[in-house]
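Colleague: I'm new to this one. Can you walk me through it?

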Amino acid sequence: MTFDVELKNVSLQYKDFKALDNVSLKLDGGKIYGLLGRNGAGKTTLLSLLAALHKQTQGEIEIGGEPSFENAGIMQHVAFLYESDLSYEYEYVNAMLEIVGRYRPNFDAEYADYLVKRFKLPTDKYVKDLSKGMQSALGVTMGLASRAPLTIFDEVYLGMDAPTREIFYQELLEDQAKHPRTFILSTHLVSEMDYLFDEVVIIDKGKFVLHEEYEALVSKGASITGSSEVVDEFVIGKTRLSEQRLGNTKSVMIYEYLDEARRQEAIQSGLEVGPISLQDLFIYLTREEA
Ligand SMILES: Nc1ncnc2c1ncn2[C@@H]1O[C@H](COP(=O)(O)OP(=O)(O)OP(=O)(O)O)[C@@H](O)[C@H]1O
């Protein structure tokens, strides 16, 4: 089972501050979405509305085709994992997973057990005594093993070290292939996680910026590498996202679709044409105006 998600003109006002401003978005079920935004952009606010932790001040949210707020039938199928304070959690890992399993209709205890071993989570310590990275891995274990049709991870992987994050990414892709559901991953680890995303959503200062397929998005630009003079000449008049220089070699990311003829022209001039990085595009699209 997977869930579509739809936000129609959603705003959230905290007293006199608008954290989300008229956001509309439609996410088709069964895909992995990357939610990107700078600090304070409104990612957690948006995700906590999807998890019905509070209600939007304006607009409508539908999950699986139904209004989701205070809808127990829908919300039992929505898993929201975020960095939470577990410093008072006097439960062992297995006991905590058992509790989660009671509330999640699709919970797979065997898979949870497998993930506990895969993440090497100690089963003889209270959750409060686990390291920060281990607590993150426990959050990921709860989220994956719940197999909820809508699973939201809000930066839960921050405390994990790189090899542990790699295990998470592998498990996410493998389990998504076997049991497709809708994932939303918010992250600042853009260049590390971009390959996971089917589609990307960017918000900035509470406002919707874009929603696009990852492949389509990164094909909107190109990286051009070669000798400085030739690169400079080729990129004249094009929007530059970033620039790197090493000796006489230069690499420039441009934000412009290159058709086959232009690509061939670049290659004929001795330039290398590569894909653009989502991270550079993200930085460009959310930059502060000077
Ligand atoms: N309870 C609250 N009262 C007032 N303002 C709030 C409240 N919660 C969040 N905000 C504000 O809403 C804005 C969006 O916050 P949010 O946590 O959604 O951002 P974020 O994109 O998740 O940021 P980060 O990447 O830094 O975690 C911020 O300016 C924040 O200060």
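Modeller: One term before the sheets: two strands pair if DSSP finds at least two bridges between them. With that in hand, an open sheet of four strands has the order E2-E1-E4-E5, and its pairing is antiparallel.

Colleague: Which strands stand at the edges there, and why does one side of each lack a neighbour?

Modeller: E2 and E5 stand at the edges. Each has a single partner strand, so one side of each is left without a neighbour in the sheet.

Colleague: How many bridges link E1 and E2?

Modeller: Seven bridges, in the antiparallel sense. Strand E1 covers residues 5-14. Leu7 stands opposite Leu25 in E2.

Colleague: Back up a bit. What kind of model is this?

Modeller: This is a predicted model.

Colleague: And what does the chain hold overall, in helices and strands?

Modeller: The chain has eleven helices and 14 strands. Its C-alpha trace spans about 65 × 45 × 35 Å along the principal axes. Of the 290 residues in the chain, 34% are buried.

Colleague: What about contacts along the sequence?

Modeller: Take contacts between residues at least 6 apart in sequence. Among those, 69% join residues at least 24 apart.

Colleague: What does the UniProt annotation say?

Modeller: The UniProt entry, which is unreviewed, carries the annotation "domain: ABC transporter" for residues 5-230. Over residues 5-230 the chain is 34% helix and 30% strand. The end C-alpha atoms of that stretch are 47 Å apart.

Colleague: Back to sheets. What is the order in the open sheet of six strands?

Modeller: The order is E6-E7-E8-E3-E9-E10, with mixed pairing. Strand E6 (78-82) and E10 are the edge strands, and each pairs on one side only. From one strand to the next, the twist averages 15°.

Colleague: How do E3 and E9 run, parallel or antiparallel?

Modeller: E3 and E9 run parallel too, joined by four bridges. Strand E3 is residues 32-36, and strand E9 is residues 199-204. Leu36 has Ile202 in E9 as its bridge partner.

Colleague: And E9 with E10, parallel or antiparallel?

Modeller: Antiparallel, over six bridges. Strand E10 takes in residues 207-213. Val201 has His211 in E10 as its bridge partner.

Colleague: What sits in the hairpin of E9 and E10?

Modeller: Two residues lie between the strands. Lys205 takes a positive phi near 50° in that hairpin.

Colleague: Which helices lie across this sheet?

Modeller: Helix H5 (residues 132-146) lies across E6 and E7, running at about 170° to E6. Helix H11 (residues 278-285) lies across E3, E9 and E10. H11 runs at about 25° to E9.

Colleague: New topic: the ligand. Which residues are around the ligand?

Modeller: They are Tyr14, Phe17, Ala19, Gly37, Asn39, Gly40, Ala41, Gly42, Lys43, Thr44 and Thr45. Strand E2 (17-27) and helix H1 (43-50) are the elements that give two or more residues to that shell.

Colleague: Where does the largest share come from?

Modeller: From H1, with three residues.

Colleague: How many of the shell residues are nonpolar, polar and charged?

Modeller: Four are nonpolar, six are polar and one is charged.

Colleague: Why is Asn22 partly exposed?

Modeller: Asn22 has 15 other C-beta atoms within 10 Å. A residue is buried at 20 or more and exposed at 12 or fewer, so Asn22 falls in between as partly exposed.

Colleague: And Glu70, where does that one lie?

Modeller: Glu70 lies in the loop between strand E5 (66-67) and helix H2 (72-75). Glu70 is not a glycine, yet its phi is positive, about 55°.

Colleague: Why does Glu70 count as exposed?

Modeller: Because Glu70 has 9 C-beta neighbours inside 10 Å, and 12 or fewer makes a residue exposed.

Terms used:
Residues numbered from 1 in each chain as written. Predicted model: local features only at pLDDT ≥ 70, side-chain atom pairs only at ≥ 80, totals over all residues. Near = placed C-beta within 6 Å. Nonpolar A, V, L, I, M, F, W, Y, C, P; charged D, E, K, R; others polar. UniProt positions renumbered as here; feature names shortened; annotations may be inferred. Contact = placed C-beta atoms within 7 Å. Axes fitted to C-alpha atoms, helices over the stretch in contact; angles between N-to-C directions.
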